[in-house]
Amino acid sequence: MLLSVLDRLREEGVGKVVVVDNGARWPVETDLAALFGDWVEIVSMGGNMGSAHGFVVAFETAIRTGKPFVWILDDDNRPKPGCLAALQAAYAEEAERTPPALLAVVAMRAEHATGDVSAKQLMTRWDSFSGFHIADIVSKIAHRLPGRRKAQPHRVTLGITHFGGMFFHRSLVDSIGLPRRDFFMYGDDTEFTWRITCKGGRIVQVPEALVEDLEGSFQQTSHVRNRFIGALLSDSDFRTYYSVRNLAYFESRFRRRQPAMFALNRRLYFAILHRYARRLGRMDRYRFIRESMDEGLRGQLGPNDRYPLG
């Protein structure tokens, strides 16, 4: 997948690529040097240090290249032809009303290109718990009604977004700092991009700039009825633990205004999750999710010895 992505980046006219070898089991530096020469700079971590740490190193190294703009991609994020040009054009337009130090544009991930902006990319209401808020129940039901028309893709200002496909000027890092290593896995992009929004900046999704995911996201729940069932049916303790723990931390530290409302949404979330767990015979999974979220609420971040990297 990485080689396919790099071939496309060369076609797109990218000036320099930084690849972080976060414990890969193949000779990354030797193979990439043979194929791409010094166009690709490889940073070896000496082992798997977690994706959050890897992204921090990638940011630091990209800034040191001296290039003015940075484009973040995962190893399975292959841009569609013309993606970079579309991002550059959109950035130039948006920079006319937003300072470069507080602006980012992001490509549309192909698995989300349904006409609506993915709920994963939009900021949830204040005092939501795991993305759930009692005030959203009616709108979520209406969203699932048959015959509902899909909105046509257009540029949307987001509250948060993922790293994959994100394009920005290096001055953004000077303004808001680097991502946080202590998220270890998952959610570091949420916290980092929230800083842009929190400072009055803008994140703009560009629908004409498309990125395809060569490997589907484990968090995609299009095949299940709702997020509760999706959480309960996941069999990966590692992924579930870090994703739900870090989200609980983020929401409780940065998106809570009214403690009583946050507590209500938390109780309702667990009540609904408990009901589905009993119906599906997944009570062990319910307890695991609840314990993981409780650790996030207590502020426990970083790697957990119970769920080590493979």
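1. Arg180 is partly exposed, with a relative accessible area of 21%. The cut-offs: buried is under 20%, exposed is over 50%, and partly exposed lies in between, with a 1.4 Å probe and protein chains only. Its salt-bridge partner is Asp182, at 2.8 Å from N to O. A salt bridge here needs a side-chain nitrogen of Lys or Arg within 4 Å of a carboxyl oxygen of Asp or Glu. Asp182 is partly exposed too, at 30%.

2. This is a predicted model: local features need pLDDT of at least 70, and side-chain atom pairs count only at pLDDT 80 or more, while totals for chains, interfaces and linings use all residues. Numbering runs from 1 along each chain as its sequence is written, and side-chain values rest on heavy atoms, with hydrogens and water left out.

3. The salt-bridge count comes to 18. One of them joins Arg282 and Asp235, whose closest N and O atoms are 3.2 Å apart. Arg282 lies in the loop between α10 (259–280) and α11 (283–297), and Asp235 in the loop between α8 (227–233) and α9 (237–254), so the pair ties together parts 47 residues apart in sequence. Helices (H or I, at least four residues) and strands (E, at least two) are DSSP runs, numbered from the N terminus. The two ends have their own labels: Arg282 is partly exposed at 23%, whereas Asp235 is exposed at 64%.

4. Asp294 and Arg266 form another salt bridge, with 2.9 Å between the closest N and O atoms. This pair links distant parts of the chain: Asp294 sits in helix α11 and Arg266 in helix α10, 28 residues apart. Arg266 counts as partly exposed, at 23%.

5. Which residues are linked in a network of salt bridges? They are Glu93, Glu94, Arg97, Arg155, Arg202 and Glu208.

6. Glu212 makes a polar contact with Arg78, side chain to side chain, at 2.9 Å. A polar contact is a pair of N or O atoms within 3.5 Å; within protein, one must be able to donate a hydrogen and the other to accept it, and residues adjacent in sequence count only if both atoms are side-chain atoms. Glu212 belongs to strand β8 (residues 202–213). Glu212 is buried, at 18% relative accessible area.

7. The whole structure holds 27 aromatic pairs. One is Phe36 with Trp39, a tilted pair: 5.7 Å centre to centre, 45 degrees between the planes. Rings of Phe, Tyr and Trp (its six-membered ring) pair if their centres lie within 6.5 Å; planes under 30 degrees apart are stacked, over 60 edge-to-face, and the rest tilted. Both partners are buried: Phe36 at 7% and Trp39 at 13%.

8. Trp126 and Trp194 form an edge-to-face pair, 5.9 Å centre to centre and 80 degrees between the planes. Trp126 lies in the loop between β5 (103–109) and α5 (137–143), Trp194 in helix α7 (residues 188–198), so the contact ties together parts 68 residues apart in sequence. Trp126 is partly exposed at 26%. Trp194 is buried at 8%.

9. Ring pairs also build a cluster: Phe129, Phe132, Phe228, Phe262, Tyr269, Phe270, Tyr276 and Tyr286.

10. Buried or exposed: what is Gly50? Gly50 is buried, with a relative accessible area of 0%. Gly50 sits in the loop between β2 (40–44) and α3 (51–64). Its C-alpha is 8.9 Å from that of Phe183, which is 133 residues away along the chain.

11. Leu3, Trp26 and Leu35 make a nonpolar surface patch of about 260 Å². Patches take residues with over 30% relative accessible area and no salt bridge, joining like charges within 9 Å and nonpolar side chains (Val, Leu, Ile, Met, Phe, Trp, Tyr) within 5 Å. Areas come from the Shrake-Rupley method with a 1.4 Å probe; for residues, only the protein chains shown count as cover. Leu35 is placed in helix α2 (residues 28–36). Leu35 is partly exposed, at 48%.
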